Amino acid sequence: MPPSETHIVEVPVPTGPYGAKGVGEPASIPTAPAILNAISAALNLRVTQIPATPENLLRLIREKEREEKTPPG
């Protein structure tokens, strides 16, 4: 993921506690699925466990290679 820069703009809201409101959370919800889908498209395998570390990805690649070499039956 490329570096991101955050800018906080504080505007008090009378309905929130101490004028606070939450707006940062919705943007973080689709991040992990988007990254996992990109990995899936690049490697042609489904990543079903996180974190998607290099070690875990290498393990998935090797498992897929073993499955492809094993004859059916």
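Modeller: One term is needed at the outset: contact means heavy atoms within 4.5 Å. Please bear in mind also that this is a predicted model.

Biologist: How many helices and how many strands does the protein have?

Modeller: Read from the N terminus, the elements run α-α-α. The secondary structure therefore comes to 3 helices and 0 strands.

Biologist: Is the protein more spread out than a compact globule, or less?

Modeller: The C-alpha atoms fill a box of roughly 65 × 25 × 20 Å along the principal axes, and buried residues make up 14% of the 73 residues. The globule rule gives 11 Å for 73 residues, whereas the radius of gyration is 20 Å, well over that value. The protein is therefore more spread out than a compact globule.

Biologist: How far does helix 2 reach from its first C-alpha to its last?

Modeller: Helix 2 covers residues 31-43, a run of 13 residues. At 1.5 Å a residue, a span of 18 Å is expected, and the value in the model is close to it. From first C-alpha to last, helix 2 reaches 18 Å.

Biologist: Why do the buried residues of helix 2 line one face, and which residues are they?

Modeller: An α-helix has 3.6 residues a turn, so residues three or four places apart point the same way. Seen down the axis of helix 2, the buried residues fall within an arc of 100°, so they line one face. Ala41 and Ala42 are exposed on the other side, while the cover over the buried residues includes helix 3 (54-69). The buried residues of helix 2 are Leu36, Ile39 and Ser40.

Biologist: Which backbone oxygen does the side chain of Ser40 reach?

Modeller: Ser40 lies in helix 2 and counts as buried because its relative accessible area is 11%, under the 20% cut-off. Leaving aside neighbours within four places in sequence, Ser40 is in contact with Leu45 and Arg46. At 3.0 Å, the side chain of Ser40 reaches the backbone oxygen of Leu45.

Biologist: Is Asn44 buried or exposed?

Modeller: Although Asn44 is not a glycine, its phi is positive, at about 55°. Its relative accessibility is 61%, and over 50% counts as exposed. Asn44 is therefore exposed.

Biologist: Which residue is joined to Pro51 by a cis peptide bond?

Modeller: Pro51 is found in the loop between helix 2 and helix 3. The omega of the cis bond is about 10°. The residue joined to Pro51 by this bond is Ile50.

Conventions. Residues numbered from 1 in each chain as written. Predicted model: local features only at pLDDT ≥ 70, side-chain atom pairs only at ≥ 80, totals over all residues. Heavy atoms only, no water. Helix = DSSP H or I, 4+ residues; strand = E, 2+ residues; numbered from the N terminus. Expected span 1.5 Å × (residues − 1). Buried < 20%, exposed > 50% of the residue type's maximum accessible area, 1.4 Å probe, protein only. Arc of directions from axis to C-beta. Polar contact = N/O pair within 3.5 Å; in protein donor to acceptor, adjacent residues only side chain to side chain. Rg over C-alpha atoms; globule rule 2.2 N^0.38 Å.
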